[in-house]
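Walk through this protein model one region at a time. Keep the coordinates open while you read.

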Amino acid sequence: MRRYGIVWLTVFVGGWCCVHAQTATQILDQTTKVYAQIQSLRLEVNTEMTTVMGSSGNEMRSTQKTTQRALAMRPNYIRITARYDQLGMNSVEMGIFCDGKELYMQSPYFQQTLKQAAPKTLREVYTDENLQQAGYTLAGLDPIYLMVHGNWRKIAGQPRLVKRETLGNRTVYKLSVPIKPPLMFAGDTPAGTRASAYQILWIGVQDRLIWQSQVVMNVSEGRLQLMMRITERYTRQELNPRLQPTAFAYKPPQGYEIVSEFKAPDIAGVTNALKGQPAPEFALKDLQGKEVRLADCKGKIIVLNFFAHWCGPCRKEAPELEKGLWQAYKARDVVVLGVATWAHDNPTKRAEEFAREFKLTFPVLVDAENKVAEMYRVSGVPTTFIIDREGVVREFVVGADVAAIKRAITALLDAPQQP
């Protein structure tokens, strides 16, 4: 009797260990199976994206928070919306919608909605290309991806079980898994660019659902380093809720145009209207807190450069503006005014850090409320206006092109002055 008891105990303990000593691969397989078998899904997600960019030991950090809601139902119904505060804009909403007959991808950047015939399956709807059209990035594994594709191995490598811990009132497995860098970092990237990504997943021990995710992407190009951390916390998750097709109906926001392909706004055309016109007058404070008016520079040729601290081309352009323009031309009555705009947070501090990093000695003004950028119809940074001695806009340059700015300055310097 005692011997049988020992045998039974051995079998029981061995079985218990088999059930609970899960490998990371087994856990992820079980999670995939849970999502792949459902017919409908409702999610609410709080997302925080932190970007750290720097070179030569200097770093700039920004954070953006987003609230997302998603509905998905087989065979091809989907509704995903994300609301956030975009720089220079009010709260905006991106979205991708499929009502079973039509697929809509809503872009706040263009204020347009792309309309296409609905694909037959969710797998054809929930693609990286479609999500990018609506302003999203498919980064790593998420509940909808596993529901739709049912195979984590397509975009992820061998997972590793980090530990078992508590998340809120839930016991979870913490897994680390290498993933393919998102489409935004693949393909048309400059030579010498290196990208890598991994994902941390917090998966419920009891329900095998993903309750938290953190994707970390690292990109390097020469000395410039970029790190993005996207943390998603699932505040609501319902499997197989009762959903009606009417829940997926789409109505475009007021002012949005339904198009068959996105049409980029005529940025140059809008800005071009300023050429030949008096430069809009403004007053902004510099980094020392002194108010500077555009009128203070009348009688000189003004290079008015709009930039953002997080903008890669702006960062490349800054040293050239300092040495190639300001230092080279200031003795000839040419003044460079930098206007720091579209800051994620702490506009003055970010402008100070930018000026210090690139050793800028020309005046840097802080457009904390983005009003001057709006006044000059700036739709992208860097944008530079060249203003003559009479205060008239003579040229503008969109993008980092110091050579074009120099040509415009030279033309004004060589032109005969009015008596």
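In helix H8, residues 347-357, the buried residues are Arg350, Ala351, Glu353, Phe354, Ala355 and Glu357. Buried means under 20% relative accessible area, exposed means over 50%, and partly exposed lies in between, with a 1.4 Å probe and protein chains only. Helices (H or I, at least four residues) and strands (E, at least two) are DSSP runs, numbered from the N terminus. An α-helix has 3.6 residues a turn, so residues three or four places apart point the same way. Just after H8, Lys359 takes a positive phi of about 55°.

The model is predicted: local features need pLDDT of at least 70, side-chain atom pairs count only at pLDDT 80 or more, and totals for chains, interfaces and linings use all residues. Residues are numbered from 1 along each chain as its sequence is written, and side-chain values use heavy atoms, with hydrogens and water left out.

Now the whole chain. The protein has 10 helices and 19 strands. Of its 419 residues, 48% are buried. Its accessible surface is about 21700 Å², and carbon and sulfur atoms hold 50% of that. These areas come from the Shrake-Rupley method with a 1.4 Å probe; for residues, only the protein chains shown count as cover. Take the contacts in the protein with a separation of 6 or more: 64% of them join residues 24 or more positions apart. Contact means heavy atoms within 4.5 Å.

Val52 sits in strand E1, residues 40-55. Val52 counts as buried, at 7% relative accessibility. Ala279 lies in the loop between helix H6 (267-272) and strand E13 (283-285). Ala279 is also buried, at 12% relative accessibility. Which residues does Ala279 contact, leaving aside its neighbours within four places in sequence? They are Leu294, Tyr376, Ile387, Gly391, Val392 and Val393.

Next, a helix pair. Helix H7 (residues 312-329) packs with helix H10 (residues 402-414) at an angle of about 20°, and their axes are 11 Å apart. H7 is therefore roughly parallel to H10. Axes are lines fitted to C-alpha atoms, for helices over the stretch in contact, and angles run from 0 to 180 degrees between N-to-C directions. Angles under 35 degrees count as roughly parallel, over 145 as roughly antiparallel, 65 to 115 as roughly perpendicular and the rest as oblique. On the H7 side, the contact uses Glu317, Glu320, Leu321, Gly324, Leu325 and Tyr329. H10 supplies Val402, Ile405, Lys406, Ile409, Thr410 and Leu413. The contact residues comprise seven nonpolar, two polar and three charged. Here Ala, Val, Leu, Ile, Met, Phe, Trp, Tyr, Cys and Pro count as nonpolar, Asp, Glu, Lys and Arg as charged, and the others, Gly among them, as polar.

Finally, the backbone in the loops. The peptide bond from Arg74 to Pro75 is cis, with omega near 10°. Pro75 falls in the loop between strand E2 (58-73) and strand E3 (77-85). Asn240 is not a glycine, yet its phi is positive, near 60°. Asn240 belongs to the loop between strand E11 (224-239) and strand E12 (257-259). Asn370, another non-glycine residue, has a positive phi of about 65°. Asn370 occupies the loop between strand E17 (364-366) and helix H9 (371-375). Asn240 is partly exposed, at 42% relative accessible area, whereas Asn370 is buried, at 15%.
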